[in-house]
Amino acid sequence: MRSIKIIADSGSNLNERLCREIDAVSVPLTLTVDGRDFVDTFDLDVAEFLEAVEASPNVARSACPSPAAYAQEYEGADEVYVFTLSSKLSGSYQSAMAGKELAKNGENVHVFDSKSACGGPALQAIKLRSLLDQGLSKSEVIKQMTDFIQNMQTLFVLEDLNPMIKNGRMNKLVGKLVMAMQIRPILAGEDGEVVQLDKARGTKAAHRRLAEIAAERFRGEDSSLAVISHCFNEEGALNLKAMLEEKCSFKRIIIEQTNGLNTLYAARKGLVLCF
């Protein structure tokens, strides 16, 4: 019988419940705000972390798991499947690959570049479990997962643009003006990078537009599962779920609170949809 491990960095936003459901392990990133470290484990006080981020005028930093941390998790399995944050957003993919060189069973390890973040790698890990439960061979699992990652959609709406301003990804004056006018950009992850698809005035209009874009990109059976990640915005997530249920025939829509790393970038009331 094959012994199998599913591993993801904490950027995957796999919470404790989902890890139990699919028998996966989350390897934490470390987040630093004004010299204070927050380890992105299941017991992190995310509300306290967000308050520290919002109170600081400085950029919060993140450090990916070390190759040694990955290598330690790889041991003891015939097949190891790993999901990391997009290689264009983090060094976690490179660290996971370096961990293969340290592990005794490195030849058994396959690392997937999720080309996403937040609920994206979580969705991929859930998909992987479903393929394994079908008894597919390792080569077939890798082939189907590669196709799934290539076609997966990541759409999101941010209300607080301050993290993007602090990180230099948005001009400060432009960002402040956009927020003052309540303009909400509708963004997407495309090939691991963030692009703007549209914009709307007001949160409700932005969420409606997000649902419309999702319906346009819905792929039928290939889009049977969706993950909505929210940063202290369960009401918004439930409203988006209701709109998606009207427009798309998802078999299951999972709602989850963002963990530390994804709270840092989604910011308060941000919503991220992956399918």
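Good morning, colleagues. Please keep in mind that we are looking at a predicted model.

I begin with the sheet. Six strands form an open sheet with mixed pairing, and their order is β10-β9-β8-β13-β11-β12. The edge positions belong to β10, residues 193–201, and β12, residues 252–257; each has a single partner strand, so one side of each lacks a neighbour in the sheet. On average, and with direction ignored, neighbouring strands here are turned by 20° against each other.

Strand β8, residues 154–157, and strand β9, residues 183–190, run antiparallel and are joined by four bridges.

I turn now to E79, which lies in strand β6, residues 79–84. Is E79 buried or exposed? Its relative accessibility is 8%, and because the cut-off for burial is under 20%, E79 counts as buried. Setting aside neighbours within four places in sequence, E79 is in contact with R2, S3, I4, K5, N108 and K138.

The second residue is S90, in the loop between β6 and α4, the latter spanning 92–102. S90 is likewise buried, at a relative accessible area of 16%. Which residues does S90 touch, once those up to four places away in sequence are not counted? They are C64 and L85.

Thank you for your attention.

How values were computed:
Residues are numbered from 1 along each chain as its sequence is written. This is a predicted model: local features need pLDDT of at least 70, side-chain atom pairs count only at pLDDT 80 or more; totals for chains, interfaces and linings use all residues. Side-chain values use heavy atoms; hydrogens and water are left out. Two strands pair if DSSP finds at least two bridges between them. Helices (H or I, at least four residues) and strands (E, at least two) are DSSP runs, numbered from the N terminus. Axes are lines fitted to C-alpha atoms, for helices over the stretch in contact, and angles run from 0 to 180 degrees between N-to-C directions. Buried means under 20% relative accessible area, exposed over 50%, partly exposed in between (1.4 Å probe, protein chains only). Contact means heavy atoms within 4.5 Å.
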